[in-house]
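This briefing sets out selected features of the structure shown below, grouped by topic.

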Amino acid sequence: MKCLAGLSLLLLLYLPRASAQAEPAQGDHELELWTGGGPSVNGGVGGISTWNVGQRYGRILTGLHGPGIVPGQFEYAVDVVPVFWVFEPQGTAYGFVLDPLALKWDFRERRQFVLYFEISGGPLFTSRDVPPGVSRVNFASGAALGLYFPAGRFHGSAELRYTHISDAGLTNPNPGINTVQVRLGFGFFRHRKERRP
């Protein structure tokens, strides 16, 4: 995993900075492949870590909005996560997440880097109980603060993500798992065929 993280970081650092492509705008579509993982933190079951790989499809819903230092664009996205591993003391749980709700705000026009905030959530299905002895069906919800590194229609991303995993009280007790993850991604924007000047 350290090797993968190192290669992803190099990719982000050496993305080309010049491109003739237009910057992302309202109506454009985003496709991104990402990977991330991290350990559990206080507030839930400890001694657990996660690693996942997913693909995102998003659409920029608005143009630039907002006053002062917070102007930005709003994006809606769906994540499909075919690899969601939960490393527990009793063994590894292999899972799948379909995340139909990812809401992202890019804080300013895209330049060399763009700060963004995101909230997301969806069901998590695993091969064994997560946490141990609780449930194979959970919900993974979270919030992230990250940076985009645009290079025309292409971009890299790096973010710090807080994720809460629990079955929403379907079992009792329901201790849940809280993790802090680092996520790295690479993607591109598909621009509308017709763009107003």
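T163 touches A140, S141, G142, I177, N178, T179 and Q181, residues up to four places away in sequence not being counted; contact means heavy atoms within 4.5 Å. The model is predicted: local features need pLDDT of at least 70, side-chain atom pairs count only at pLDDT 80 or more, and totals for chains, interfaces and linings use all residues. Residues are numbered from 1 along each chain as its sequence is written, and side-chain values use heavy atoms, with hydrogens and water left out.

**Setting of T163**
- T163 lies in strand 7, residues 154-166 (strands are DSSP runs of E, at least two residues, numbered from the N terminus).
- T163 counts as buried because its relative accessibility is 6% (buried means under 20% relative accessible area, exposed over 50%, partly exposed in between, with a 1.4 Å probe and protein chains only).

**Barrel**
- Eight strands form a closed barrel in the order 1-2-3-4-5-6-7-8, with antiparallel pairing (two strands pair if DSSP finds at least two bridges between them).
- On average, neighbouring strands of this sheet are turned by 25° against each other, direction ignored (axes are lines fitted to C-alpha atoms, and angles run from 0 to 180 degrees between N-to-C directions).
- Strand 3 (residues 73-88) pairs with strand 4 in the antiparallel sense over 13 bridges.
- V86 has A93, in strand 4, as its bridge partner.

**F96**
- F96 belongs to strand 4, residues 91-106.
- With a relative accessible area of 35%, F96 is partly exposed.

Notes
Helices (H or I, at least four residues) and strands (E, at least two) are DSSP runs, numbered from the N terminus.
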